[in-house]
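Hi,

Here is the structure I promised to pass on. Have a look at it first, and then read my notes below.

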Amino acid sequence: TQHGSLTVEATTATEIRQVAQVSAGAASTVASFLRGSRSSGQSVASHNAVVFTAVDASAGTDISLNTTNGHITLKAGKMYRLTGSVVSSITSAQRTQWRWHNLTAGLGIGAAQVFYSPADTAANSASGSPATAIISPSVDTVVLLQNTSLLTSDAGGNPDFGGAGASVNPWFEVEVIGGQESSVVVPATP
């Protein structure tokens with residue numbers, strides 16, 4: 001048994017279970033966390049955002065998702081880890097790149113996710129690792145996962161990997177990893 005911690009278990013790409021366990025007589029702070037995804041593919045023009053349409057799991061109030069435009073709002077005064085992935089694509093003739101973008105400051109942040117399509121005759125390779133970033137905003141900040149390719153790219157929707165569903169479509173996770181006390185406090189039990 002873990003006491004005073006948040007345990008997140010993912011058994012499938014769409015199922016996440018959160019458990020906060022607290023020992024008797026002690027209080028615990030649970031860090032804010034948000035996981036979101038799309039339930040279908042999306043055509044994303046150059047320098048536009050992946051529009052995440054669902055909150056799959058969340059804890060706390062430091063992170064919020066606007067499911068209309070894909071904007072993720074981070075409260076000031078904390079350090080966040082951002083991870084996002086465009087798992088598959090149906091784009092056939094280009095190189096794609098996805099990167100976190102700080103909309104409030106107007107700049108790209110962190111490491112990009114890059115990959116080639118089967119039709120590309122590239123002389124080199126790319127890993128396809130998720131896009132990642134660490135950010136510590138001093139003001140409430142909006143971030144998004146952006147297509148930084150030169151052309152429109154399809155995010156998700158590839159039927160080669162088990163059909164429709166979150167397993168082949170874009171997802172993200174944002175978590176508080178430092179800063180001031182997180183906003184969710186689990187009180188001690190009497």
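A quick definition before anything else: I call a residue buried when its relative accessible area is under 20%, exposed when over 50%, and partly exposed in between (1.4 Å probe, protein chains only). Also, this is a predicted model, so to speak of local features I need pLDDT of at least 70, side-chain atom pairs count only at pLDDT 80 or more, and totals for chains, interfaces and linings use all residues. Residues are numbered from 1 along each chain as its sequence is written, and side-chain values use heavy atoms, with hydrogens and water left out.

On confidence: pLDDT is the predictor's own confidence in each residue, from 0 to 100. The chain averages 76, and 64% of the residues score at least 70.

Now to Ala133. Helices (H or I, at least four residues) and strands (E, at least two) are DSSP runs numbered from the N terminus, and Ala133 sits in strand E12, residues 131–135. Its relative accessibility is 6%, so Ala133 counts as buried. Setting aside residues up to four places away in sequence, Ala133 touches Tyr80, Arg81, Leu82, Trp100, Ile109 and Gly110. Take Trp100: 33 residues separate it from Ala133 in sequence, while the C-alpha atoms are 6.9 Å apart.

Next, Gln42, which is in strand E5 (residues 42–44). Gln42 is buried because its relative accessible area is 15%. Beyond four places in sequence, Gln42 is in contact with Ala49, Val50, Val51, Ser153, Asp154 and Ala155. Gly156 is 114 residues away along the chain, with 6.6 Å between its C-alpha and that of Gln42.

What does the side chain of Gln42 reach at 3.2 Å? That is the backbone oxygen of Ala49.

Last one: Asn169, in the loop between strand E14 (153–155) and strand E15 (171–179). With 1% relative accessibility, Asn169 counts as buried. Its side chain reaches the backbone oxygen of Ser39 at 3.4 Å, and a polar atom of the Asn169 side chain is 3.4 Å from the backbone nitrogen of Gly41.

Cheers

Definitions and conventions. Contact means heavy atoms within 4.5 Å. A polar contact is a pair of N or O atoms within 3.5 Å; within protein, one must be able to donate a hydrogen and the other to accept it, and residues adjacent in sequence count only if both atoms are side-chain atoms.
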